[in-house]
Amino acid sequence: MATIKDVARLAGVGLGTASRVVSGKGSVSQATIDKVRAAIEELDFRPSHAARSLLSGSSQMVGVYIPYLSGTFYTPILQSIYTALRAAGLNMVVAFGVGDGDARNQAIEGVNFLIERGSDGLIVMSNAMEDEDFVALGPYQSKVVVINQDFGSIAQQCFTVDHDAGGRLAARTLLELGHRKIAVIAGRAAAPDNLQRIAGFKAELEAAGVDTAGMWMADGEFTPEGGLACAEKLLQSGEEFTAVFCANDEMAVGALSMFQKAGVRVPQQVSVLGYDDTHSAEFTAPQLTSVHIPWSEMTMNGLNYLLNQCYGMARPVVREYRLHVAQRASLAPPPQA
């Protein structure tokens, strides 16, 4: 394969001049540009990614960290990031949690892996990292954007929604239908966004006079398996309930599966409300009503901010997002006693 040295030799110019023409940076006369381009065409020269990185001082690559690569939640987010980057002439490398360490250590290792691979900037989606972990990145922390979490050290680089408000919206939705006997299938207790949405949910119920002290609630993983296991515990508990609020749609999918298996009709006997409004909500049976969280808007605005920081672009950045309930078939008023 031809190299940049071959191009320079054939064009009769210095290596530095040929490099400036390839990179598009630096002052070069039009006549010299024409000679170098003619040599490139004759030699069918294609600069490697590594060569372009050396010439430009940039990898033209953005790193993305997610906690795990399974289920339906992260796939559309990764797809939207990749599509936007390719349209901008950039690329993406992804890392996710692996190894024997806890979620925080896995995230730290994943972030360091992406930095070591030469990522110009990072998009991080992790509930496990803490403020000090970003401070530890030193100057590189200015090239990090966080989705769905707030950190004081990089507040302007965080893109999220008010999950307390999302929880309150979920509670109002059930209250307006007349539900008072409500069970909750929550996510991991330590996840900040989970804590916020559950706190908002309970606060709204209490404001309406519903006693939440004895409300049935179980913590589980944000997965269909987690939702199924919690729904099974709920049915075995003998608790009276007319509605279930699930902390994300994947858990709601598992709960719907358990209710169908147990012969509990949704929504005739029990209503189910999800959270996130992911693509899967439209394909459950019955279709899942869910609190819509604008994940695509958050992610794209975070990406725009990062591209502005790393590549001097001037993309629009919006930080306020509207929450609403995507109404489908899984909710109904409580059955008559």
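My entries below go from the basis of the model to its sheet, and then to single residues.

**Basis.** I noted that this is a predicted model, in which local features need pLDDT of at least 70 and side-chain atom pairs count only at pLDDT 80 or more, whereas totals for chains, interfaces and linings use all residues. Residues are numbered from 1 along each chain as its sequence is written, and side-chain values use heavy atoms, with hydrogens and water left out.

**The sheet.** I looked up the strands (DSSP runs of E, at least two residues, numbered from the N terminus, while helices are runs of H or I of at least four). I found 6 strands in an open sheet with mixed pairing, in the order β7-β6-β8-β9-β10-β11, where two strands pair if DSSP finds at least two bridges between them. Because β7 and β11 (324-326) stand at the edges with a single partner strand each, one side of each is left without a neighbour in the sheet. From one strand to the next, the twist averages 20 degrees.

Within it, Tyr-275 stands opposite Val-291 in β10.

**A helix across the sheet.** I saw that α9 lies across β6 (182-186), β7, β8 (243-246) and β9, and runs at about 170 degrees to β6. For such angles, axes are lines fitted to C-alpha atoms, for helices over the stretch in contact, and the angle runs from 0 to 180 degrees between N-to-C directions.

**Thr-212.** I placed Thr-212 in the loop between α9 (192-207) and β7 (217-219). Is Thr-212 buried or exposed? Its relative accessibility is 6%, so Thr-212 counts as buried (under 20% relative accessible area, with exposed over 50% and partly exposed in between, using a 1.4 Å probe and protein chains only). Apart from neighbours within four places in sequence, Thr-212 is in contact with Lys-202, Leu-205 and Glu-206, contact being heavy atoms within 4.5 Å.

**Backbone notes.** I reminded myself that most residues other than glycine have a negative phi, and most peptide bonds are trans. Asp-276, in strand β9, has a positive phi near 120 degrees, and Asp-276 is buried at a relative accessible area of 4%. The phi of Asp-44 is also positive, near 50 degrees, and Asp-44 sits in the loop between α3 (30-43) and α4 (49-56). The bond from Val-266 to Pro-267 is cis, with omega near 5 degrees, and a cis peptide bond also joins Ala-285 and Pro-286, with omega about -5 degrees.
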